[in-house]
Amino acid sequence: MKDVIIVGAGPAGLACAIEAARKKLDYVVLDRGCVVNAIYNFPKNMTFFSTPDLLEIGETAFISDKFRPNRQEVLNYYLKIVKLFKLKTNTYEEAIGLSRHSNYLSVHAKTYSGKQKEYKARKVILATGYYDNPNMIGVKGEDFSKVSHYYTEAHPFYNKEVAVVGGNNSAVEAALELCHHGAKVTLIHREATLGKKIKYWILPDIKKRIEKKLVKAIFNATVQEISREYIGIRINGKRSRVKNDFVFAMTGYRPDSKLMDAFGLKYNPKTLAPKHIPKNLETNIKGVHVAGSIISGINNNRVFIENSRDHGKVILG
Ligand SMILES: Cc1cc2nc3c(=O)[nH]c(=O)nc-3n(C[C@H](O)[C@H](O)[C@H](O)COP(=O)(O)OP(=O)(O)OC[C@H]3O[C@@H](n4cnc5c(N)ncnc54)[C@H](O)[C@@H]3O)c2cc1C
């Protein structure tokens, strides 16, 4: 029997593990992927908006010569944290459900090779974030292999017609990088203007590129269907087609409601934010807590690394 099972080895889950280790609790962190799997899957050349000090966990300095660190530095930092604190991580083990007993909880998990496992514990912390579950556009053709909800790098798309759906940071950053690498980019956004929270240091670049028609921007447009050669859109009620080889649907992500159902967690059906007590982040199930960005449901720009790295202390302090 463990004291704590932590599900998710993202920054929040690792911060919880550090607290558990400091309190000499018997714990293990499960992750369906690698350590900080969500960050591992971020665009390869992305830069964080946070300065290094605001991404630190375990009061351990994150030294970088840059004002804002890049993905590789952040991966290195969190891996270093795991080694430094000798955190117990069972990677490539996915939590699939929870059962309740009179004086303990069981987390049911599945290994990469398909083996079923059961972890008994007094406390469970769910820190599974949101990045594994894209918001689907919900149109025909979205399942074609030319469509992806994850942008990683521009190189394969040189001289190709690439549609980027969305108008916030992820979409704009992907559009810019693709454009810099010679892709023919069409940015399709359902609003009349780009998102209000676009990072101030990329806004002039995208504006200039749209103005010079290096990036074709189509506003007030909703995607209707995706075919092998075209993407069908509707602008102010009028349908049209844009020639297309690849689509990046940068339409955001949401917490895994199926997992919350499998755990028996109550959550707001609209926002998918799990119900919890703010003072200790305990959910409707006694002994089951939430940590990190899962807390804010679909509004995941409200809880991020900077303001959730103390959740371990809130739960275990
Ligand atoms: C492009 C981009 C840039 C960002 N830049 C910043 C920034 O500069 N500063 C900042 O503070 N925030 C930033 N964020 C937000 C930040 O990355 C997230 O808020 C943060 O990763 C959330 O941490 P977390 O530990 O809650 O979840 P995650 O980092 O998402 O970790 C969740 C972990 O849970 C695992 N998992 C999921 N389901 C299961 C399961 N069933 N069983 C086992 N494991 C599971 C996943 O594999 C993953 O490793 C950025 C986000 C994006 C997309």
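Predicted model: local features only at pLDDT ≥ 70, side-chain atom pairs only at ≥ 80, totals over all residues.
Helix α4 is mostly covered, with ten of its twelve residues buried.

The buried residues of α4 are S170, A171, V172, E173, A174, A175, L176, E177, L178 and C179. Among the elements that cover them are the strands β8 (161-165), β9 (184-188), β10 (215-218) and β14 (246-249), together with the helix α5 (203-211). The length of α4 (residues 169-180) agrees with expectation, because twelve residues at 1.5 Å a residue should span 16 Å and the end C-alpha atoms are 16 Å apart. Just after α4 comes G182, which takes a positive phi of about 90°.

Helix α3 (residues 71-84) has 14 residues and reaches 20 Å from its first C-alpha to its last, close to the 20 Å expected at 1.5 Å a residue. In α3, the residues V74, Y77, Y78 and I81 are buried. They cover an arc of only 90° around the axis, and therefore they lie on the same side of α3. An α-helix has 3.6 residues a turn, so residues three or four places apart point the same way. The buried residues of α3 pack against α1 and α2, whereas Q72, K80 and K83, on the other side of α3, are exposed. The helix is followed by K86, whose phi is positive, near 50°.

| Helix | Residues | End-to-end C-alpha span | Following residue with positive phi |
|---|---|---|---|
| α3 | 71-84 | 20 Å | K86, near 50° |
| α4 | 169-180 | 16 Å | G182, about 90° |

In soluble globular proteins, nonpolar side chains tend to be buried together. In this model the largest nonpolar core has 61 residues, of which I5, I6, V7, C16, V107, V124 and I125 touch the most other members. Helix α1 gives the most to this core, with seven residues. Leaving aside its neighbours within four places in sequence, I125 is in contact with V4, I6, V7, C16, H289, A291 and I315. Apart from this core lies another, of 32 residues, including I137, A175, I206 and A217.

The ligand is surrounded by 37 residues, the closest being G8, G10, F48, G129 and G292. The elements that give two or more residues to this shell are α1 (11-22), β2 (27-31), α2 (37-40), β4 (93-100) and α7 (305-308). By class, the shell has 19 nonpolar, twelve polar and six charged residues.

Terms used
Residues numbered from 1 in each chain as written. Near = placed C-beta within 6 Å. Helix = DSSP H or I, 4+ residues; strand = E, 2+ residues; numbered from the N terminus. Nonpolar A, V, L, I, M, F, W, Y, C, P; charged D, E, K, R; others polar. Expected span 1.5 Å × (residues − 1). Buried ≥ 20, exposed ≤ 12 C-beta atoms within 10 Å, placed from the backbone. Arc of directions from axis to C-beta. Contact = placed C-beta atoms within 7 Å. Core = buried A, V, L, I, M, F, W, Y, C linked by C-beta atoms within 7 Å.
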